[in-house]
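Please read it alongside the sequence and the structure.

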Amino acid sequence: MRPILLSGHERSLTQIKFNTDGDLLFSTSKDKVVCAWWSANGERLGTYSGHQGAVWTVDVSPNTVLLATGSADNTVRLWNIKTGECVKTWDFPTAVKRVAFSPDGSKLLAVTEKRMGFLGTIAVFDIAYGDGELNNLNVQADEPSLRITCNESKATVAGWSYLGKYIIAGHEDGSVSQYDPKTGDQLENVQAHEFDHQINDLQFSPDRTYFITASKDKSAKLMAASNLAILKTYKDYVILGGGQAAMDVTTTSARQGKFEARFYHKVFEDEIGRVRGHFGPLNTIDVHPAGTAYASGGEDGYVRIHHFDKPYFDFMYEVEREQLRK
Amino acid sequence: MAPSFDTLTEQDFHEEEEEEIDFSDLKEQFEVKLEEGLDTFVVIDGLPVVPEDSRQKLVKFLLRKLNTIGHTSEDAVFMPLNDKGMSEGFAFVEYETPEQALAAVKQLHGVPLDKKHTLAVNKLMDIERYGREGRIEEEYHAPEVEPFKEKEHLRSWMADANARDQFALYRNDKVGVFWNNKSNPPENVVDRAHWTQLFVQWSPKGTFLASVHPQGVQLWGGASFSKQKQFPHPFVQLVEFSPLEGYLTTWSSRPIQVEEGQPILTFEEDGKNIIVWDIESGKPLRSFVSHDLAAGPAAEGEVQPKKKVQWPAFKWSADEKYVARMLQGQSISIYEVPNMNLLGRTSVKVEGVNDFEWSPATVTREGVKQYEQLLCFWTPEIGSNPARVAMMSVPSKEIVRTRNLFNVSDVKLHWQSQGAYVCVKVDRHSKSKKSMATNLEIFRVREKGVPVEVVDSLKDTVINFSWEPNGSRFVLITTGETPTGAAVPPKTAVSFFAPEKKGNTAGNFKLVRTVEKKTSNGIYWSPKGRFVVVATVHSQSNFDLDFWDMDFEGEKNEAEKDLAANLQLMKTVEHYGVTDIEWDPTGRYVVSSASVWTHSMENGWNLHTFSGNTLSENPTEKFKQFLWRPRPPTLLSKEEQKQVRKNLREYSKEFDEEDRYAVDIANTAVVEQRKRVLSEWLAWLRREKEIQAEEREAFGLSEDADSPKLAKDARVGIQQEGDTVVEEIVEEIIEETEEVIG
């Protein structure tokens, strides 16, 4: 599994994202640039420039027409993927840490930072796609259709469950909450991770019925979207969203390869493999929608795309094989 | 919460004590003491009754006795007279200090004054306390005998059906004792938070586990690890057991300050650093001020470097009858146990003595009728006198053998575990003191006249040396000169030595093999001999463990056919950041560990078999200590052991069967578990899907509600076909040739 090394960023990566087809990979970094890559060979397609600060987050609309990015310059920008032009800019009082399109692409949420007297919020926008010929993409609502304010602990990450039924948010204090995207009411709040261990990433399963969280407490949890029940726990999960604190980095950097991506069996919670290579902590990973590859972005400024080899697909527990035969 | 010293307040501590023994009388003793300050007074009973005129004479006579202990004078002796002008047969005496009074009570009580009269000396305070009315009941009550309580068997772990070994694990704030289950996770026996403050330590035969607290040392034992003993040495830092577990030595850098209310320590212990305890009674035998080792000479203008603690301060003879310590450069004091009196009332004066070691076993020497304990010591060169290594027999204090040495910079004494040999590792400098080399002087203790064999084929200095337990082979590590200021530690070489085959007795020691260009610095023999792990520990860049077999059952090197060894490297494993290596007492397993006490990177412990197969890796946060529980020596006789060895194959069949069975069971359990988990997961997924479908219908959404809106239209703009073919041109240079034309 020889990785493709993408070295287009000058500073550490913040988020990477495959599009729905998996042919494109978008990456954001603290160097203010958003890059688009061909996932098959690692060739750079282009960049989206305009942000004035570190870009924290990126998401692709499900139809690969629009790209949303959130940045430390307190804006969310919407880009025409094909042309690279910025079609819309929303201003916020504080930095934007996470953007996410709803499964049908009709809505976009943005998580804003708590700072300078402003509480952390989750803003939801209605997204229009012009006339279907990629024209008039700049016709977008100016104001959010909904604004959820996080009074207690600020949200760090958020996403949409199936049918866009819930907004699931991970908080700084290690809890996970469920909101109603119509009213903005908090429906549920679960202390999923150890208290005061920030949740760094939250990603949904393809059918969006369950999701996985990564936290600073060095574990990852698989949770149900409908009732926030913890289904599985993966220990020592140091990779997702750079679970390793900066303080530890200096002590472990003596050993290259300490920074690794670990693979766990989703159902059995066993570790089945590790991939090394980054020489800094891994900040973000994303898996190809078809499951044939994954990419990781590190503090070292590199993106590595790994296409899985045959043994990976062949690997199966005896129990699963039995199941399959039935 | 574990019942430990630190979780108890000062009060709890005493309450607990009181449950066992009633100390209220002792407490009172100390309370009164400071209030009244009559510590210097003693009462002497049993004196002859004399008339007034001969009283003076009696006092003078008495004074002679009294002044042998401390200082007192005629004025300080008060002998009251009754109405008839006769003395009452007792006198009050005041000494200068309370210590003298105490000494008088101890030493003069029961001493005959003349044929008819015997002195009864008591402290005035005691008379006050016990003699006062009502203090002592008139009638005798027989003391109540407590009903017999079954105590836990202190060696219960030896009765394990599978002969597993136990180990103590100290990580974070918790100490646990576990059964070793090979590659399966260890089975917990007890796990207690805050069980110890500094570290834990097993006694040499594994009976007790010692925990160390600011208030003292506690011993735990039995199947449930209940509290067995307490030794209240305040701020204790180091603990050492005697080899047969009879005694315990504790040390603290702070001199003991005996305070009132201390039930066990007395004024004897005040100002001392070291206490030698009797484990059985829990009482101190004797206490000492520690002798520190002289530090190296201070460079000019610099602060004198700190003195080193001599530890173990007290070294025990193998039979535990003697304990000795050294006053560096002057003498060795040998004490008889348990009365702790100096053997022959004097220390052995050895000018310049630098170090000494007892033989770890009672040696059966040829040509000697009475086997005595042996003690080896060395002195450096003083003036024109050569350095000297000597062996002394105790208790006769007879010097058995000495050997003079020249150009000596340092000497280390290494006894073989049965006391058959003692290897004196002599670091020598050349005349110019520029280069160093090491000689080994091996004393063959068992042979007549204790012949000395010299191994001087070593070019470099030896940094580590280790005898094979119960064997006659050894491993040593040498290193060349370190260039000053070199960042990389110098390469080391590992050498294996074995005696030549020569009938029953071991022949001369010969080099078997030297492995060059290593970084190893630690030698860890299996407690049963034959196997040895040579490792690089405490290193930043290397962490290899080499597993060697000294009796490889394979083809033997022709050149080594005369030697009693067949060396073979079995395996090399790596353990990042390894700091400690420990064999289990049976020599079946080796644990390598990385302790947070040394560094904080990847702490934890790995379990290997004797041949270097790693059975399990256990990364543990804040891992501190891994200690195998030692085993007492086998109870089987030599013949019985031989029998077992002969029938080993039969036994091992049985055990293999058991192992297979255990594995089968474990595998089945895992498969069952997985099956269950998988079916649960699939069921959950199905349910979730149903709910989703229902909700979708309820909302009146179409089947593809989650699929991208306007996708078809938008796609057209971006891609014409469904699939893209990415063409990639790869150029590769197959060959390059250069031709010069013309």
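Helices (H or I, at least four residues) and strands (E, at least two) are DSSP runs, numbered from the N terminus. On this numbering, B:Val450 falls in the loop between β27 (436-444) and β28 (452-455) of chain B. The model is predicted, and it scores ipTM 0.75 and pTM 0.68.

**Confidence of the prediction**

- Chain A has a mean pLDDT of 81, with 92% of its residues at 70 or more.
- Within chain A, confidence is highest in strand β6 (residues 55-60), at 92, and lowest in helix α1 (residues 246-252), at a mean of 31.
- Residues 236-257 of chain A have a pLDDT below 50, and this stretch makes 49 contacts in the model beyond near neighbours in sequence.
- Chain B has a mean pLDDT of 83, and 87% of its residues reach 70 or more.
- In chain B, pLDDT stays under 50 over residues 6-19, for which the model has 19 contacts beyond four places in sequence.
- Residues 709-721 of chain B also stay under 50 in pLDDT, and the model gives them 17 contacts beyond four places in sequence.

**Backbone geometry in chain B**

- Most residues other than glycine have a negative phi, and most peptide bonds are trans.
- B:Val450 has a positive phi, near 50°, and is a residue other than glycine.
- B:Val450 counts as buried because its relative accessibility is 2%, where buried means under 20%.
- B:Asn172, which is not a glycine, has a positive phi of about 55°.
- The position of B:Asn172 is in the loop between β5 (166-171) and β6 (174-179) of chain B.
- With a relative accessibility of 35%, B:Asn172 is partly exposed, since this class lies between the 20% limit for buried and the 50% limit for exposed.
- The peptide bond between B:Val337 and B:Pro338 is cis, with omega about 5°; B:Pro338 is in the loop between β18 (331-336) and β19 (341-342) of chain B.
- Another cis peptide bond joins B:Val394 to B:Pro395, with omega about 15°; B:Pro395 is in the loop between β23 (387-394) and β24 (398-405) of chain B.

**Cysteines**

- A disulfide is a covalent bond between the sulfur atoms of two cysteines.
- Over all chains, the structure holds 0 disulfides.
- A:Cys35 is buried, with a relative accessibility of 0%.
- A:Cys150 is also buried, as its relative accessible area is 4%.

**Aromatic pairs**

- The count over all chains comes to 37 aromatic pairs.
- The ring centres of A:Tyr210 and B:Trp681 lie 5.1 Å apart with the planes at 75°, so this pair is edge-to-face; the cut-off for that class is over 60 degrees.
- This pair crosses between chains, with A:Tyr210 in strand β19 (residues 210-215) of chain A and B:Trp681 in helix α7 (residues 648-699) of chain B.
- A:Tyr210 is buried at 7% relative accessibility, and B:Trp681 is buried with a relative accessible area of 6%.
- The rings of B:Tyr170 and B:Trp597 have centres 6.1 Å apart and planes at 75°, so they too form an edge-to-face pair.
- Because B:Tyr170 lies in strand β5 of chain B and B:Trp597 in the loop between β38 (589-594) and β39 (604-609) of chain B, the pair ties together parts that are 427 residues apart in sequence.
- Is each partner buried or exposed? B:Tyr170 is buried at 4% relative accessibility, whereas B:Trp597 is partly exposed, with a relative accessible area of 46%.
- Ring pairs also link B:Tyr421, B:Phe465, B:Trp467, B:Phe474, B:Phe497 and B:Phe509 into a cluster.

**Charges over rings**

- The charged end of B:Arg629 is placed over the ring of B:Trp157, at 3.7 Å from the ring centre.
- Likewise, B:Lys315 has its charged end over the ring of B:Phe356, 4.7 Å from the centre of that ring.

Conventions: Residues numbered from 1 in each chain as written. Chains lettered and ligands numbered in written order. Predicted model: local features only at pLDDT ≥ 70, side-chain atom pairs only at ≥ 80, totals over all residues. Heavy atoms only, no water. Disulfide = S-S within 2.5 Å. Buried < 20%, exposed > 50% of the residue type's maximum accessible area, 1.4 Å probe, protein only. pLDDT = per-residue confidence, 0-100. Contact = heavy atoms within 4.5 Å. Phe/Tyr/Trp six-rings, centres within 6.5 Å; stacked < 30°, edge-to-face > 60°. Lys NZ or Arg CZ within 6 Å of the ring centre and 35° of its normal.
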